[in-house]
Structures are given as structure tokens and as C-alpha cells.
Amino acid sequence: MSASSAFSDEKGGSASEPEYGHDPASGGIFSSDYKRHDDLKEMLDSNKDSLKLEAMKRIVAMIARGKNASDLFPAVVKNVACKNIEDPNQLIRASALRVLSSIRVTIIVPIMMLAIKEAASDMSPYVRKTAAHAIPKLHSLDPEQKDQLIEVIEKLLADKTTLVAGSVVMAFEEVCPDRIDLIHKNYRKLCNLLIDVEEWGQVVIINMLTRYARTQFLNPNVNESLLEESSEKAFYASDDEEDEDKKAEVTTLEKRKPYVMDPDHRLLLRNTKPLLQSRNAAVVMAVAQLYFHLAPKAEVGIIAKALGMFEPYLKSFYIRSTDPTQIKILKLEVLTNLANEANISTILREFQTYIKSMDKDFVAASIQAIGRCATNIGEVRDTCLNGLVQLLSNRDELVVAESVVVIKKLLQMQPEQHSDIIKHMAKLIDNIQVPMARASILWLIGEYCEHVPKIAPDVLRKMAKSFTNEEDIVKLQIINLAAKLYLTNSKQTKLLTQYVLNLAKYDQNYDIRDRARFIRQLIVPTDKSGALNKYAKKLFLALKPAPVLESPFKDRDHFQLGSLSHLLNAKAAGYQELPDWPESAPDPSVRNVEIPDWSKCSSRKDRKEKKVEKPFYSDSEGESGPTESADSGNCGESSASGSDESGSGSESEESREETESEEEEEDEEEEKKKRKKLDKTKAKKQAEESAERCAIHTIHQIRTIAPSGSIKMYELLHRITGEGLAVEYCFSRQPFSPDPNMVAVQIQFTNNTNSETKNLHIEDPRLQSGMRIREFAEIDVLAAGESVTVVMGIDFCDSTQAANFQLCTHTRKFFVSIQPPVGELMTPTFLTENNFKKEQGKLMGMNEILEKLTLGEKCVNEHVIVERVTATANLSRVPCGSDKEFAGKTVSSGCLVLVTVTTKEGGGAQLTVNCEKMVIGTMLVKDILQALSQ
Amino acid sequence: MIHSLFLINNAGDLFLEKHWKSVISRSVCDYFFEAREKAVEPDNVPPVIRTPHHYLINIYREKIFFVSVIQTEVPPLFVIEFLHRVAETFQDYFGECSETTIKDNVVIVYELLEEMLDNGFPLATESNILKELIRPPTILRSMVNTITGSSNVGETLPTGQLSNIPWRRAGVKYTNNEAYFDVVEEIDAILDKSGTTVFAEIQGVIDACVKLSGMPDLTLSFMNPRLLDDVSFHPCVRYKRWESERVISFIPPDGNFQLMSYHISAQNLVAIPIYVKQNISFFETGSSGRLDIAVGPKQTMGKTVECLVVTVHMPKVVLSANLSATQGTYNYDPVTKILLWDIGKLNPQKLPNLKGSLSLQSGAPKPEENPSLNIDLKIQQLAISGLKVNRLDMYGEKYKPFKGVKYVTKAGKFQVRT
């Protein structure tokens, strides 16, 4: 454990190696290792999410690169395990879990287990996905946790989000691939979700479901073999035996009732089919192997088009001289398998061009391919043989050698007709140097020495001469030849044989010495030689069966197609055997899922997902077909997605959102979602009539932001200057409905005189460029002692410039001006914690102003601080934020204004304002500072 | 699944390593180097190499070997596809995927690799999601980052990660809304000595660059969709509608992406835009040979053939070439034995011709066979299959986007046997 653990002090060997890549953590900030860790600790302890996140990312990167992070261990566990796992930001929760689960130290197993369990029931599917990823990590760290982890897997398998599906199946495959029973209840759901899962998840799920189907359904091809015998045999090169078996089976099965495919089996085949059009080759391959292993033969054809497998595509496998060698070999294999009586002449012509290639390995493979074609198709055997014999005069020795080997095999099939070829080859022995080829020729001559009675002894004579210089395999064949000739033609070859055997007796190679001794005893009759001597001729010159020229790719069909093990033809670690079809189908009802019962969905998030997660494609009109009744929960969901898919666009979506928003639920999370939606709705409709907008505004206001703070009144006209007319105004903080870009100013006129004041109105506004004013409707009469309130709108253009105008009565004109405090230039906006962080992230650098401050004596608790801030500026607090965060946007241009107050122990605090308009930001900081430090 | 990744350049230098589980010593790459040496050409390295304790699955792209280390069963294509995705992501982020750009952006490279795999299993591979998590480098940002010490790592979960349209980020806004589609077709062909087509097919892709605000829902239709029978789509395409109506309906990712690829097989007649007349012969005596290549237009549909290049991999015994070209320039590299004739634009009035003599290593036997010619060409404003985009409609958004379609035909694996 310690060797591989990144936190242990011994390092995995990488420390001493030279540094090639740069450390991501050394992004120009930290100079030395020592200091870096200190800083990382500080970052972890900080209150800022961004810093924590950054620190954790760096630690993960360090661990991933095998760096020693052991001194950070306490800081990480303290922070990560205790705090961040409960962070309101889902990305932080997820990262925290990723960091925690990357620590490969057994002490923290219990903490990790807890964290995974917690995350598995997190409301964010992203965090649940991370939990699924953490499962194999913990399993490899401590396999004893398996049982508990399986429980978590079971729980996550029930998850209905596409985001989680792929990851949890991956965990399932690594931890408990044999627990097929966990899949039953989720089988239909997985089938239906499949198309919406990301590509990598699709591959894992399809491979797992292939295995599952092999255990749960019946072989669809059992009854069909009679009908389909003639078709598609070529493709299943290895099927011959199977077919035989099947025929036997069929007779027994005929009495049984006809095969009916399980609807769930059909569901899997149908739902995977569209994935053949995936851009990801791994997905296409996964579906292809699924069809290969699970589909009735008649349907396997559909994968052929995507794979380009059958005859019509023959030419797609023609080879170019620029293809990589392994591609050439594979194409050759396909061509050979596709060869039949009809196309063999075309294929052979094609092969002829390959033999001229400069790539000699490829030429050798081509010659073997010709040999295989010749064995498979009797009609062309002679043509092939002649072609190969021509190659014997090729200048390239490798080509000749390979030809000799292949010819030897072909000749074995019908030697009597080909003594001229054997003669020809006997002549070649003078020139060919490749040991394998020489050995092959010698074997041929020995085996068929009766066909070439004159040449054979002469060849032995030559070989005896060169014996000592030959390679071992050639020597063995010389002994072999000598023995065979001794048995058939001892008169001519007795001495030669003795000579060869004597040479062999003193050979350096013990194999050759052994062989010589053995053969001498066997063939040369002496007094001591036993009964075997009589049978020597039978032993040596027995009729040998013709060899089968086989594909180098055979013998691997017991592996699941497309797996690493299949490719290597050797079982890789972790390979799961593809089981054989069961004799009789297990109970299909295990896959039935009860109609979702609301009371059962105890966790709120499950319910929420139902609404929020609309699969994008898993449109299942007719798709869920036979399983519909059994799985009505899924059907409801899919029909909703159906309407979504038809692209009815924003209207229908909106209306759905609105109806949703009318539902009353106390669920806080639910609430938050809805508010966000409402907000979105608002944004969308802004272009429409104002009346409608106002209505939404009010809803919005009521639901999200209680009118903030006590409203401060300002004096516009003192009653003395106004000669009895007192005018006060305030910023009502209500949206100004006729023009949303204006700040609403509420003006209260009080007539302190004894007579009526008439015709109160505004005249001659003098405004900075861009500023606009919307006057209130003229007040005809203001009776003595009465007061009246009107609302006017001013577009301050997001500046604190005063709006100057004249206030007129029927007798007088007063020159007045309204100057807004900066906090009134904005209007609250609803942002979620996440959005807030995101937006804040966009407003860094120059747009961010940071101030440290000491809180005033009265600012004792959060409530007071919130009150002070909202009184100073028309902002709304971000719900559930960990810090005190406030958001709003400027009335005129809609720029976001984000305020964060983080408090520290002992009255210290930090104020952060992020706003694109730097002037506003600066002024706002000043105002809030003042408000808080009072 | 994927344990580690090593990046190795053409010279055999290991310049980047990344481990998602425990550290695997880089000595594991020795097995790769061995195979690399044996293969001679980088393309010939077997994609899966078995070592005593690990499996190495590699791809070769942009002169870089992406070598991944596997310990347990996994579909090899899964890994290969993932490695290609890594290379594409680098290309997307840095403009090109090369050793230099990877070294220059090493911080982002590690951040990307960290997000793309978790414990060896792919986590976020969609470009739109990654770009929200890790912002691509710009000069300004890297300057700001150096000064302020901040990084490129995003602080919030990408909206796409949770939506059921994970490939598109939310809140996209553009002042100019535009959508461009490039129909790129490559002709894969083998012509025999006499110029007859042994085999020809078209590999087509439609690359898109979509910069549209909001959540546009696009429908692309063709004049002649029946041409396409073997297609594969970006996950955003609604397969059902393709099946039933033969239109491509999708909510596009933001930015550049490949909408679909298709394959028009040998069954349909594939037009061959040029003909090649060639005569290469080596003499039994005198250690010399002759070469004569002429190229002319065949079925060009009235368009001009551009960027015409003929490449010949000569047999090893060819020492030098003394040729003269009526058009363009030629170059023979005696080390790689590659003769390259860059013709440029094909002028139908004056057909280009390259001829002259080759000198061979004296004493060596004359080459058995003639080298084949590889052709490269480009035809603008033409999809050789005749595929035509009919129209592009947008739903779900109110503005009027600017739309454009471009056609290009190129030679893919276009080989003339001699």
C-alpha cells in the first residue's frame, strides 16, 4: 500500500527521475516546494471557494503525478472531509470527494466510506456521479469494504439520471460484476436511458448488458438454424461445429413450443440499434458485438452495413501500399474470409499485386492467404499452386521461403499429381538459404521420395556434404530424409545415412544427438534392436493428414468481441466471461418495476429529477412497447420528452415552467429551482408588453425579495423655501413599470399652507446627456393640509449625477435636484449560489474591489449586517450562500453588482464588490463600508 | 481503466506523463520503444502492445505517440477513441496539437487531463463543458493570470454537465449570429496500371462552425439525401428524424464541431477527377531507370483541380532522380526515398508532365516492382458525390442568423498502382 500511496513518505520511484513536464502547481506563483505547501494549506483554510477549489485541484494534480503530498494530509482531511463535503457549491463537494478518494492511505477508509455514502444521496447528480467514480478507488484501497460499497452501488444503480448511469455501471463492473441480480430492477431503465448517456458510459453499459442478456434470455438462434442454414455461413467461419450441435438440438427442441423472444431482450436490441450511428467507434463496436452475441442471425445483417463486413464491400478491403502493416494484415484476413467460388478470381488477381509489395512481412502474409484460399476453395487449388511455384523463382528469398512452406502444405493434399513441382523444389535447395524453406523442401522430398526416386538420394548426398553448416531445423530434416530414404532405398543410401547419423552423433545440439541415436536404433537392424524395428517403415512413412491452413485469428471466438482479451487472444485481468445461454429462461418478472409510488420516493431529489431530467432522445413512443405496462413510470417520462423533442420550442417550455411554478411546495430546493425559472421567464418576456412584465415582476418581487430595509426619505423642497409646500422623496425600490430602465422615485407633496396649490408639475429638466426623466402626471389640486404621493421615473444612466428640474405650481417655480445614492441605482436580482460564483468569476481583476474593514459595534450578527447592506444598496441576498452574498444589477444598463461580505473572528471583515462599472463599484464600497463600520 | 498516459515525440523523447491512479514507472515505455524500433515507420507500431504487467495502447497523431497504460480488460477501441479525443481537445484549445504547444501550455494540459479522466474513467470530454471548466488560453488571460496568480480553472459546474444537452453551454450570446457548414469529401481510390478504377469510395464529413445565441434548434436538409446510406452523427443529432425524414435536426454545440460523417461506397459510381499516365521502368543493365508521369483532368465537373501533388515512394536502390517538370517543382529525398512532385493548379490546356532518368545503386539487382503513386488534390466548391445542402432552418430563436455552406473535394487515400 505504502509504495503506491501518494501520501506516504516513500515515493513511487518517480522522485529521482528527471522532471520533464512542468508541475501544474508551479504556475508561476509558488517558488519553492516548501512554500507551496504552506500556501496550499492557507488556501484550503481560506473562506473563499475559489481558493479552496484551486488548492484541491493542485493537490489532485500533485497526487496524480506521484508527488509527495503527505504533509498536506491533515489539512486536506480537516478541510475536505469536514467542511467541503457539505459545501453548498456542488462543484466543491464533488472536488472534495475526488481529492478525498485520491488519498491512498488506509487510515481514512472510514472517512472515505462516509463521504461516498453521503455523496451517493446528494441532490446534485454531478456529485452522485463523483461518488460512483470514488467507489472503485476505495475498493482498490481496501477490498474489505466491498459489501458496503455494493450497497452504495445498488443505491446509485437506481438513480434515474443519465449522468450517473455510465459511472455507476463502471463501478459495478469493477467491484461486483458477478452481482447480476442488482441489474434486474434497473434493466429496463438502463435500456431506455442508454441513448442519452454519454458515449463512454454507453460502451460500458452495453458491454455489461450483453453479459446480462446472456444469463437471462434464451438463445434466439436455437430454433432458427433450420431456416437459416444456407445463409450467412461464410461470415460465421467458426460456426460449422455449432451448427452440427444445433441440428442435434433442433430435433429435441422441435417438440418444444416455438421460441418467442423475451420483450426485454427485444427492448435491448431495439434501443441499441440507433447507436450504430454514433461518431464514436467504440460505441459502434459495442453495439456490433451486442448484436453478434445476442441477436437472431437474421438481424445481425444490420451491423454489416456499419462495419462494412460482407461481400458487397469486398473492395473496401483492398490494400494500399501506404496502409500500416497491421491494417494490411487485418484486411488480408477479411479478404481471405470473404473469398468464395464467385469472387476468388478477383481476389487472387488482387493478391497478385500484393506479392509485389516492398513490405516483405506483408508479402509473406499474402502468400499464406493464397494458401488458405487454395485449401478452402478446391477449384482454384491448381491455379494457386502454379502461381506459388512461379514465386519460387522470385529474387527475394523471403518470398520464396514462404512459398515453399505454403506449397508444402498444399502438396500434402494431393502429392501424386505434383511430382514435377516436387522436382522443381528439389532443385531449389541449391539456392534457397532460409532454413525454414530448406527444411520444408527436405521434408517434402523425404515424404514423397517414392515420387522422385532418382532425385531424392542425390539431394541427400548434397545435404550430407553441407550438414555441419546447416541450421538445427535443417539438420533434423536431413536426418529425417536420410531415415526415410534408408527405409525405401537402402541400397543407394545406406552409407550416406550412416555418414549423416555419425555426423549428427557428435553434433553440438543435444536434440540432434538424441534424434540421431533414436533413429539409428529404430531403422538399422542390430541384434539388440527390439520389435519396433519391424514397424519403422510404418512409423516414418505413415500417411499423414493434410494440414489445415488456419487463420491466425482463429480460436479466439470464446472471448467477447471487441474486448482486449479478444484482440490479444489471451485473457486480460478483469475480463468477464461471456456466459452461455441458459437452458431455460430465468424468471422474467424479476425485471418488473412497481409503478413508482410517491410515498416510496422518500428523498425529495428523486421527485425533483422526475421533472427536471427530461431525456433528450430517449423518446420511446412505441419503443417501450411490450414493457410499457410493466414500467409505466418510465413511459410517463418518455412521453414528456417526446413533446420536447418535437422542438415545439420555448413557448411550451415556458408554459410548463409557469404551471410548475404555481404548485405550492415548501421544499426549499424546489423553491430555488422555480425561482430561477421564473427569473428566466422574466428575462425571456422582457421584450413583450409591459403590463405582462409588470405582473411577473410583482410575482418575482413577492416571491424572492422582500422590499429591503426601511426606506429613507430625502428632502426635495423645504417647506420654508417652498413657501409652505414641502416636498420629500424617496427611492421606493419598486420597479418603475412604464420604463424598466428608470429608477422609481416616490415624491410626497405636503401642502402646509392654508390655500390650495394647483397644477403641480415638472418643467425644464436639465439633465446630463443620456439621462431621461418621466414626469408624474400633473396634480391638479392639492388641498390645504393635504399630502399626495406620486411616482416619477429617472434614468440616471447608472451615475450619481443629479437630475435637475423645476417643480412648478400654479404660482411658483422651484429649482430642485435629485441625486441618488449609489445604492439606489440598482435593483435586486436573483442569483443562485452557483450563478453568483460564476458571475463573480467573470468579474475579476479591475472589476473587483476588495476592502478590509472592522465591523461596527452594532454589527454583531449576520442579521444586522444583512440589514445594513440591503439598506445601503438595493440588493438581494443570495439564498443559502455560505458567505453573505448580495446580488443586483444596475437599473439602467443591467450590469451585475455583486457584493460579498465575509466576516472573521474578532470583528474583522472583508468586503468584495464585483461590478463592471468601476465607478459604481468604488462608490458602493465606500457606502457599504460606512454602513458597516458605524 | 486508463492508468497513465505518456506523450512521446517522433525522436523517442518522453515529454509528458500523467497518472490517474498510482504512478507507473516510465520504464514501462521501454516495451513501446522496442516495438517502435521494430516497426520502422511510426504508422506500423501495433496499437496494442502487451507487456508482462500492463497493456500499452497507443495512437500516433501529429507526430506524437499517445501511449496509455492499461492494467485490466477494457475495449481497446474505447481507449483509442479517448486518446483521439484528447488530441482533438488539445487542437481545439491550442490551435494545433504539437509538442511545442503542449509544452507551452503544460498547465492547461494537466488541468484538461485531470478533468477528462477521473480514476481512469472519462469524466468530461465534451469541448463545451471543458471550456467552461477550464478556459482556453488567450494572451490577455495568461498575462492577467501571471500577475494576479489566478488560474484558468472555472469555479462553477458547467451548465452543460447537468443538462440533458451536455454538449451545449448555456447563455451563449453573439452579436453576429452565424452558422457555417463545410462539406468536405475525400476520394479514396485505387487505380490500376492502365488507369481503370479498381476501387473508389467517398468519405465525407460535414464540419460546422455555429455561433448562435441562445438555444437554436437547427434543421439541415439535403437536395439528395438518398446518396447517404452509411452515416454517423454527432450526439446532438436526432437520429429518429433522420430515419423518418432524412433531415438533420439538432441543437448544435457552440463553436466548431463535426456534425456528421458519411461514406459513399464503391457501389455508387464515384467520379475520378483526374487521370494519370505513367511509365516507370528500371533497366537490367546500367543501373538506371526511366520515369514519365503525366496528369490530366477527367471528371472535374467544370471545376479547377488545385494543390495537385504526386508522391512516389521509390525502391531503396534508387539513388537520385534527374527529371524535368513542365509544371511545378519536384524533389527527391534520397534518405526517405520519396519523390514529391508539387504541381499546383491543373491547367487543362497545358498538361503537366514529369520525365527523366533515375539512377540506381550500381551492382544492386533491379527492383522487382514499380512504386505506386499517391495523389493529393483539392477541388473547391465541389462535393464530388453531388451532395447538396438544400436549406438550413432555425427554430427556437427569433433573430435571423447568417448561414453559409462550403464544398471541398480532396483526395484521401488516392493511389495509382504501376
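Buried area is the accessible area, taken with a 1.4 Å probe, that two parts lose on being put together, summed over both. The exercises below concern a predicted model, in which local features need pLDDT of at least 70 and side-chain atom pairs count only at pLDDT 80 or more, while totals for chains, interfaces and linings use all residues. Residues are numbered from 1 along each chain as its sequence is written, chains are lettered from A and ligands numbered from 1 in the order in which they are written, and side-chain values use heavy atoms, with hydrogens and water left out.

**Exercise 1. Describe the interface between chain B and chain A by its area and its residues.**

Step 1: The area buried between chain B and chain A is about 8600 Å², and carbon and sulfur atoms give 55% of it.

Step 2: With contact meaning heavy atoms within 4.5 Å, 95 residues of chain B and 98 residues of chain A take part.

Step 3: Seven salt bridges are counted between chain B and chain A, a salt bridge being a side-chain nitrogen of Lys or Arg within 4 Å of a carboxyl oxygen of Asp or Glu. The largest share of the side of chain B that touches chain A, six residues, comes from helix 2 (residues 76-94) of chain B; helices (H or I, at least four residues) and strands (E, at least two) are DSSP runs, numbered from the N terminus.

**Exercise 2. Follow the salt bridges of Asp118(B) into chain A.**

Step 1: The side chain of Asp118(B) meets that of Lys137(A) at 3.0 Å, N to O. This pair crosses between chains, from strand 6 (residues 117-118) of chain B to helix 6 of chain A.

Step 2: Asp118(B) also forms a salt bridge with Arg98(A), where the closest N and O atoms are 3.6 Å apart.

Step 3: Asp118(B) has a relative accessible area of 4% and is buried, and Lys137(A), at 6%, counts as buried; buried means under 20% relative accessible area, exposed over 50%, and partly exposed in between (1.4 Å probe, protein chains only).

Step 4: A network of salt bridges links Asp118(B), Arg98(A) and Lys137(A) with Lys18(B), Glu114(B) and Glu115(B).

**Exercise 3. Which parts of chain B does the salt bridge between Arg61(B) and Glu88(B) tie together?**

Step 1: The side chains of Arg61(B) and Glu88(B) meet at 3.3 Å, N to O, in a salt bridge.

Step 2: Arg61(B) belongs to strand 4 (residues 55-61) of chain B and Glu88(B) to helix 2 of chain B, so the pair ties together parts that are 27 residues apart in sequence.

Step 3: Arg61(B) counts as buried at 17% relative accessibility, whereas Glu88(B), with a relative accessible area of 38%, is partly exposed.

**Exercise 4. Characterise two aromatic pairs of chain B by distance and angle.**

Step 1: Rings of Phe, Tyr and Trp (its six-membered ring) pair if their centres lie within 6.5 Å, and planes under 30 degrees apart count as stacked, over 60 as edge-to-face and the rest as tilted. The structure holds 23 aromatic pairs over all chains.

Step 2: Tyr60(B) and Phe65(B) form a tilted pair, with 4.5 Å from centre to centre and 40° between the planes. Tyr60(B) is partly exposed at 24% relative accessibility, while Phe65(B), at 1%, is buried.

Step 3: Phe181(B) and Phe250(B) form an edge-to-face pair, 6.5 Å centre to centre with 85° between the planes. Phe181(B) lies in strand 8 (residues 178-191) and Phe250(B) in strand 12 (residues 247-250) of chain B, so the pair ties together parts that are 69 residues apart in sequence.
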